[in-house]
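Hi,

Here is the structure I promised to pass on.

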Amino acid sequence: MTLVPDPPASLPRFPRDFLWGVSTSAAQIEGAVAEGGRGRSSWDVFAAESGRIKDGSDARVATDHYHRYPEDVALLKGLGVRAYRFSVAWPRVVPDGAGEVNAAGLDFYDRLVDALLAAGVEPVPTLFHWDTPQALEEGGGWLRRETAEAFAGYADVVAARLGDRVGRWITLNEPAELTLLGYGVGQHAPGRQLLFDALPAAHHQLLGHGLAVQALRARGARSIGIANSHGPTWAASGSEADRSAADLYDLLLNRLFAEPLLLGRYPGAELGFDVADLMPGPVAEDLKVISGPLDWYGINYYQPTRVGAPTESGGAAPAEFAGIALPPELPFAPREIEGYPRTDFGWPVVPEALTELLVSFRERYGDRLPPLVITENGCSYEGTEDEERIAFLDGHLRALHAAMAAGVDVRGYFVWSLMDNFEWAEGYARRFGLVHIDYETLARTPKASYRWLRDVLREQERG
Ligand code: FCB
């Protein structure tokens, strides 16, 4: 990879009203987990269990954004982004998930929203970014329908408070990861290992999304989307076994959530089974709620995946992939992608796969596809002179522009992440930020990539 990136002015022009932003999430930055009346979350409990987080850390302090948000808002202003995607911590607002509302929790987001607006940055809250209230988790969490209903109640509470100033909302972040990593293989909270019995968690997140959309609309929300993770799936070879393993993986990552949302049905019939049959009912009625119109569809993109059939010995399947150990019982096995640079996390850097992904969405869903927004894209590298991150972002913005030039309607792009933060099971070892965090002092230091993005945005604003 070239380490001398092209100057910001050489990037192609994006539309005038393009929504430039950066993203974070509550559990990864806020800290202050026992302050202001916040209830416990599934991640508090999971991180406290020994061996769950690679570096033995937890997110009790994280970047201390709860106290330092004015400084973080100033960083957003200095960066020149139009929008900031953050998440509201459900247990901060409704400590037990349902029932009593915590006024101090709502006050925090109220102050944050006001500070953002005063800085000229549009607040774009995500209502759920994996921090399930522990009280609900103990009752089965997203495996239970009640959690979807409680989520809609919480969405209503947040919209009632912030809806006069927030127009654009995101319901869920990456339900695929929570289903697979949280309930399927246990690498994330709540640490369950249910394999395909985790599928009800997918259905209930989708239902929670649909019910929350109704609650938000009833409160006058202007623009609603969801942030799903997607990436092209490449078969390891042309063999039938590898191709069907890749099809199954593609179904779980790229279709399991998109098709109910966009087409009102579960995928799978053409692979010989219908996912709808594996879901808790009443599925047909729920699908009507789930497929209520979206104003836009958010895509979190990081990398493509190469997938093959598991081998007898398991030998060809790395025991660990992208930091995630996949159990040999799964009927697919990720394989190495060769020939591309890698981030410090080991993820391959393949910008053109973003173009491929976006074009494939347009081909798959045609007129059923609402405008797209890239709600996350970024990379983990050490160091504050992070030329690799600049090259990554430069390459992905060009790939995004190429998809737009090919006719895909994309309205915005959010970098993950504003600052280094608690990277889930990886702890603090992965640094995705445009701003460096010193975890001893919590000092914030803009990296070279922050200055580069600031210059890109200035150029783009020049029109
Ligand atoms: C995504 C998550 C986000 C962050 C990035 C690196 O899957 O939504 O919170 O961890 O990956």
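Axes here are lines fitted to C-alpha atoms, for helices over the stretch in contact, with angles from 0 to 180 degrees between N-to-C directions. Helices are DSSP runs (H or I, at least four residues) numbered from the N terminus. Please note that this is a predicted model, where local features need pLDDT of at least 70 and side-chain atom pairs pLDDT 80 or more, while totals for chains, interfaces and linings use all residues. Numbering starts from 1 along each chain as its sequence is written, and side-chain values use heavy atoms, without hydrogens and water.

First, the helices. H5 (residues 103–118) packs on H7 at about 45°, the axes being 10 Å apart. That makes H5 oblique to H7, as angles under 35 degrees count as roughly parallel, over 145 as roughly antiparallel, 65 to 115 as roughly perpendicular and the rest as oblique. The contact (heavy atoms within 4.5 Å) involves Leu106, Asp107, Tyr109, Asp110 and Val113 of H5 and Val157, Val158, Arg161 and Leu162 of H7.

H7 (residues 145–162) also packs against H9 (residues 199–218), at about 30° with axes 8 Å apart. That makes H7 roughly parallel to H9.

Best wishes

Key:
Helix = DSSP H or I, 4+ residues; strand = E, 2+ residues; numbered from the N terminus.
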